[in-house]
Amino acid sequence: MYKNIYLKKGKEESLKRFHPWVFSGAISHVDEGIEEGDVVRVVADDGSFAAVGHFQIGSIAVRVLSFEDIEIGDDFWQERLTAAFRMRQSIGIADNECNNTFRLVHGEGDNLPGLVIDCYGKTAVMQAHSVGMHVCRDAIARGLINVMGCRIDSVFYKSETTLPFKADLGQENGFIIGGNNDNVAMENGLKFHVDWLKGQKTGFFVDQRENRSLLERYSKGKAVLNMFCYTGGFSFYAMRGGAKLVHSVDSSAKAIELTNANVELNFPGDRRHEAFCDDAFKFLDSADGIYDLIILDPPAFAKHRAALHNALKGYTRLNVKAFEHIRKGGILFTFSCSQVVTKDNFRNAVFTAAAIAKRNVRILHQLHQPADHPINIYHPEGEYLKGLVLYVE
């Protein structure tokens, strides 16, 4: 029997609306002996059951696994992983011969808060964002192999940088199951190397797949600048789309190395592409009138609400530079992946940038995360990726 966490009066209302978080301020008291990562029962002030989930020290004290009073064991993990996989099959992203790269589990979006699993060919990369998911990692990996069958033969665990550092878990990245060394995956018929050992996130930005495809449609005959290129995803889509010139820029030498390797994997010897290790603002200042298609896909400027004001200033400043230097009739793809930055926040920052640069701008598309990164309807905070495609007169 799990130990209990008791809520203050009225604090169960959000759970009745199926929101998957219990904040520390909502808790009245807890049973003795509860440790971080434990599965706990959440009990309302009147003694009624409210939810079961993982306990964690911090602002979000419980991440809800179920609103039913059930045991969290092997059957639970297999059931939830099966539901996640069937959804990916239903939208046509799994079992696609041109695409063996997709997100299988997207935290709260798949009713598994604190867990992310991305599939790259025969390897699944699993990432825990909570101590509870870390504790359950082996059981989850076994369930994953059972659900995926022959589609997956290796599970790589990559949580060194995502687990709470105060938990002092001493976690190291590495294979839990198998040991596949084939790090080349495919997305929409294009190949790329995945650095799941040292790369950002799980090794590749799976969430931009559909936006890269859209960029490909706009690239023919254009001079393209891919800022914050990381592994060059937008760059090789632009090349396949017929761009006459593609420049990739990142401040990380490792990112430039990966970009060059990925371009060579798809377009060996193609002289249309060149990569630069440089600061984004400095590079844009030297790029006046060269490019008629620019991609701005920076890392998260704000990872917590306290940084929101400075983040919005940063987005405005960056987009001002792009508006000032893009050619007349150019197209700008601009993004924010900061969860605390709302769509309205981001749009206002970009609109302010357009006004400062005194450019006439039209919205062509409003972009967001793809279907394999679903948003739980009861958890609107899960909508983190937002973007705009703009025509700049």
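These legends go with a set of close-up views of a predicted model.

**View 1. Here is the open sheet of six strands, in the order β2-β6-β5-β4-β1-β3.** The pairing in this sheet is mixed. Look at the two ends of that order: β2 and β3 (27–30) stand at the edges with a single partner strand each, so one side of each has no neighbour in the sheet. From one strand to the next, the twist averages 35°.

**View 2. Zooming in on this sheet, we meet the pair β4 and β5.** Strand β4 covers residues 39–43 and strand β5 covers residues 49–55. The two pair in the antiparallel sense, over five bridges. As background, strands of a sheet pair through backbone hydrogen bonds, either parallel or antiparallel.

**View 3. Next comes an open sheet of five strands, running β7-β8-β9-β10-β11 in order.** Its pairing is mixed. The edge strands are β7 (101–106) and β11 (174–177), and each of them pairs on one side only. Here the twist averages 25° from one strand to the next. At the β11 end, three bridges join that strand to β10 (residues 154–157), and the two run antiparallel. Which residue is the bridge partner of Tyr-157 in β11? That would be Gly-174.

**View 4. A helix, α2, lies across two strands of the five-stranded sheet.** Helix α2 spans residues 74–90, and the strands it lies across are β7 and β8 (115–120). Compared with β7, the helix runs at about 140°.

**View 5. Met-133 sits in helix α3 (residues 131–135).** Is Met-133 buried or exposed? With a relative accessible area of 1%, Met-133 is buried, because anything under 20% counts that way. Leaving aside neighbours within four places in sequence, its contacts are His-54, Leu-65, Trp-77, Leu-112, Pro-113, Gly-114, Leu-115, Ala-128 and Ile-140.

View 6. Cys-119 is in no disulfide: the nearest cysteine sulfur belongs to Cys-150 and is 13 Å away. A disulfide would need the two sulfur atoms within 2.5 Å. Cys-119 is also buried, with a relative accessible area of 1%. Now for Cys-337, which is in no disulfide either. Its nearest cysteine sulfur, that of Cys-229, is 15 Å away. Cys-337 counts as buried too, at a relative accessible area of 18%.

**View 7. Two residues that are not glycine, Phe-18 and Asn-188, each have a positive phi.** Why pick out this feature? Most residues other than glycine have a negative phi. For Phe-18 the angle is about 65°, and the residue is found in the loop between α1 (13–16) and β2. Phe-18 counts as partly exposed, at 36% relative accessibility. For Asn-188, phi is about 50°. This residue is found in the loop between β12 (184–187) and β13 (190–193), and it is partly exposed, with a relative accessible area of 26%.

**View 8. Now for the largest pocket, which holds about 1,800 Å³ of space.** How many residues line this pocket? The lining takes in 46 residues, and those nearest the centre are Arg-63, His-129, Thr-162, Lys-303 and Gln-339. The elements that give two or more residues to the lining are β2 (21–23), β6 (60–66), β7 and β8.

**View 9. Last, a look at the one cavity of 30 Å³ or more.** The largest cavity has a volume of about 40 Å³. Which residues line it? They are Arg-103, Asp-118, Lys-201, Thr-202, Phe-204, Phe-205, Val-206, Asp-207, His-373 and Tyr-384.

Definitions and conventions
Residues are numbered from 1 along each chain as its sequence is written. This is a predicted model: local features need pLDDT of at least 70, side-chain atom pairs count only at pLDDT 80 or more; totals for chains, interfaces and linings use all residues. Side-chain values use heavy atoms; hydrogens and water are left out. Two strands pair if DSSP finds at least two bridges between them. Helices (H or I, at least four residues) and strands (E, at least two) are DSSP runs, numbered from the N terminus. Axes are lines fitted to C-alpha atoms, for helices over the stretch in contact, and angles run from 0 to 180 degrees between N-to-C directions. Contact means heavy atoms within 4.5 Å. Buried means under 20% relative accessible area, exposed over 50%, partly exposed in between (1.4 Å probe, protein chains only). On a 1 Å grid over the protein atoms alone, a cavity is a set of points where a 1.4 Å probe fits but cannot get out, and a pocket is an open set with protein on both sides within 12 Å along at least five of seven lines; lining residues have an atom within 4 Å of a point. Grid points are joined across faces, edges and corners, and a volume is the space filled by probe spheres set on the points.
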